[in-house]
Amino acid sequence: MSVNEIILKGVPAAPGIAYGSAFILDKQDFIVPPRAIMENEIPIEIARFEEALVKTKEEIAKIQQKISTEMQISQAQIFEAHLLVLEDRTLIEEVIKRIRKEKLSAEYIFSEVLKKYVKIFSNIEDDYLRERVSDVNDVGRRLLKNLMDETKMHEFDSITEELIIISHDLSPSDTASMYNKNIIAFATDIGGKTSHSTIMAKSLGIPAVVGLKDATLRIRNQDTLIVDGREGLIIIHPTEETKKHYIDLRSRILKFQDQFQSVKDLACETTDGKKINLLANLELPEEIPSIIKHGANGIGLYRTEFFYMNRVDLPSEEEQFEAYKQVAQAMAPNIVTIRSLDLGGDKFISSLQIPRDMYPFLGWRAIRFCLARPDIFKTQLRAILRASAFGNIRLMYPMIIGPDDLRRANAILYEVKTSLRDEKIPFNEDIKVGAMIEVPSAAVTADLLAKEADFFSIGTNDLIQYMLAVDRVSEQTAELYDPGHPSILRVIKNTIDAAHKANIPVGLCGEMSSEPSFALILLGMNIDDLSMSALSILQIKKLIRSVSFESAKKVAEEVLQLATGQEVDEISRMRLRELAPDVVTMKNDEKNG
């Protein structure tokens with residue numbers, strides 16, 4: 001029986017074309033290892049369980065409402081059974097009782113109780129009640145997903161064929177787990193262009209589409225799919241004609257990208273001699289060969305929080321030291337910029353045993369968390385300082401809101417340096433310490449911060465969401481996330497000017513740096529460094545070598561006078577086509593192919 005081709009439209013996340021079979025991640029069984037907890041952690045585990053119950057109820061109620069509106073009431077009533085499971089006091093009380101008695105994590109205890117209930121329902125002779133096993137299983141998976149977050153472990157190692165992952169959402173640890181596995185693309189129901197799963201997709205070099213809303217409901221396991229990460233499309237059951245079109249398109253994209261190889265070993269400078277450092281963003285040490293292959297001048301952002309994920313404990317000083325040392329030695333003599341732990345938002349670390357709602361995008365995260373937990377912060381600082389003896393390492397703090405944050409962080413750094421000196425452990429006494437400018441308050445006080453920092457790194461992914469009050473992970477607000485908004489361009493220019501007035505270098509490590517039209521503007525604003533996914537480096541180097549600094553300055557001056565992001569987008573792309581036509585993606589120049 002033939003099936004019709006279906007096209008789903010989402011948010012373009014990572015460029016490229018993939019063709020293969022679907023693997024529905026959210027419908028797979030969870031692997032829940034036992035994890036012991038301390039006596040004082042029992043209330044926290046119970047709170048996490050109760051929090052997951054509430055969240056799961058809310059999710060099911062939303063689905064029920066949607067189906068009631070769009071389909072038939074009788075179909076929505078299917079979910080009444082799901083809600084009844086979540087309100088079963090016998091089940092809830094058994095979980096709480098066993099957490100207290102056995103001192104094991106909420107997710108493990110719940111998974112054990114769930115297995116018991118599934119077995120009971122499976123053995124019931126009544127057909128109707130026996131069929132309720134699927135309801136119990138579905139609710140159990142939903143609740144476990146909400147409970148486990150970063151600890152959920154999917155067996156990517158067991159995947160032997162090339163697959164396209166389809167999921168409601170992917171945590172950073174999920175995407176990190178895909179590295180060097182047979183995952184050729186992924187797509188999610190939720191997410192935006194700069195959510196961390198999207199950033200990881202670019203690092204992995206695989207196409208991705210996010211914000212599809214209902215992909216997990218419309219795609220089945222083993223469905224044949226095409227993922228178009230440039231346009232944000234998922235094509236289910238593609239026709240032969242469609243397959244041929246995309247095979248040809250993929251071939252043309254690869255040919256287009258090959259043209260940039262010619263600049264790999266050439267200096268990164270404009271036609272009139274302005275030099276720019278092109279650096280790579282690093283998530284995992286395993287990416288180093290790709291970063292070197294693409295000709296990066298160093299690491300502009302080493303996101304260390306991924307080292308803390310996919311585990312049930314915190315990394316030791318020695319583990320971190322070895323990881324940072326490995327990266328420093330591999331990149332020497334080039335610079336490696338290590339960002340201290342940036343926890344929060346969509347980066348949740350379960351080993352800290354704290355309910356997820358304490359990690360909002362606005363609130364207790366990044367440098368605030370590190371200052372509140374100096375034990376964890378000092379362990380990381382010791383590892384970074386020790387590694388600095390083996391390469392060209394510099395340190396930067398995330399989410400600094402003003403000079404006071406910088407001073408408090410440096411005071412802890414001073415304590416760690418003193419301790420290492422006393423222990424006669426070598427480190428670079430002159431290690432450079434910078435501040436990330438990703439909060440409006442830091443951008444406004446950039447002139448004050450510049451007097452105390454050794455360098456700036458502008459983190460536009462967060463800066464844009466805070467400036468425009470747009471959640472960068474939400475598909476509902478994806479269209480409002482506007483890097484070309486006049487306020488963003490002006491605050492970047494002001495930050496660059498403040499840094500140069502204080503004679504310190506300034507770089508930019510957000511996704512803006514990998515978009516040719518924005519890179520042209522940033523070049524004209526006199527940025528010193530641009531840091532990006534390794535896969536984007538050669539295209540941006542080609543751009544820089546194709547234009548003069550003077551012409552880029554004129555473009556920057558022109559767009560800084562515009563009133564809307566749409567105008568900025570149109571004018572910058574027009575100027576890009578005029579100044580560097582070879583850099584514009586073939587056929588469709590509005591995507592970074």
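Residues are numbered from 1 along each chain as its sequence is written, and side-chain values use heavy atoms, leaving out hydrogens and water. Because the model is predicted, local features need pLDDT of at least 70 and side-chain atom pairs count only at pLDDT 80 or more, whereas totals for chains, interfaces and linings use all residues.

**Overall make-up**

The protein has 24 helices and 16 strands. Helices (H or I, at least four residues) and strands (E, at least two) are DSSP runs, numbered from the N terminus. Of the 593 residues, 59% are buried. Buried means under 20% relative accessible area, exposed means over 50%, and partly exposed lies in between (1.4 Å probe, protein chains only). A contact means heavy atoms within 4.5 Å. Among contacts between residues at least 6 apart in sequence, 69% join residues at least 24 apart.

**The eight-stranded sheet**

Eight strands form an open sheet with mixed pairing. Their order is β1-β8-β7-β3-β4-β5-β6-β2. β1 (6-9) and β2 (11-14) stand at the edges. Each has a single partner strand, so one side of each lacks a neighbour in the sheet. Neighbouring strands are turned by 30° against each other on average, direction ignored. Two strands pair if DSSP finds at least two bridges between them. β1 pairs with β8 (residues 233-236) in the antiparallel sense, over four bridges. Here Leu-8 stands opposite Ile-234 in β8.

Helix α11 (residues 240-258) lies across β3 (17-24), β7 (224-228) and β8. The helix runs at about 120° to β3. Axes are lines fitted to C-alpha atoms, for helices over the stretch in contact, and angles run from 0 to 180 degrees between N-to-C directions.

**Salt bridges**

Side chains of opposite charge can pair when their charged atoms come close. A salt bridge is a side-chain nitrogen of Lys or Arg within 4 Å of a carboxyl oxygen of Asp or Glu. The structure holds 30 of them.

| Pair | Closest N to O |
|---|---|
| Arg-48 and Glu-45 | 2.8 Å |
| Lys-264 and Asp-265 | 3.3 Å |

Arg-48 and Glu-45 are both buried. They lie in helix α1 (residues 42-70), three residues apart, about one turn of the helix. Asp-248 and Lys-244 are four residues apart in helix α11, so about one helical turn separates them. Asp-248 is partly exposed, with a relative accessible area of 33%. Lys-244 is exposed at 54%. Lys-264 is partly exposed at 24%, while Asp-265 is exposed at 69%.

Salt bridges also link a network. Its members are Glu-317, Glu-318, Arg-382, Arg-386 and Glu-423.

**Glu-438**

Glu-438 sits in the loop between β13 (433-437) and α17 (440-444). Glu-438 is buried, yet has no salt bridge. The nearest side chain of opposite charge, Arg-339, is 5.0 Å away. For charge, Lys and Arg count as positive and Asp and Glu as negative; His and the chain ends are not counted.

What lies 2.5 Å from a polar atom of the Glu-438 side chain? The backbone nitrogen of Met-399 does. Leaving out residues up to four places away in sequence, Glu-438 touches Pro-398, Met-399, Gly-459, Asp-462, Leu-463 and Tyr-466.

Notes:
Polar contact = N/O pair within 3.5 Å; in protein donor to acceptor, adjacent residues only side chain to side chain.
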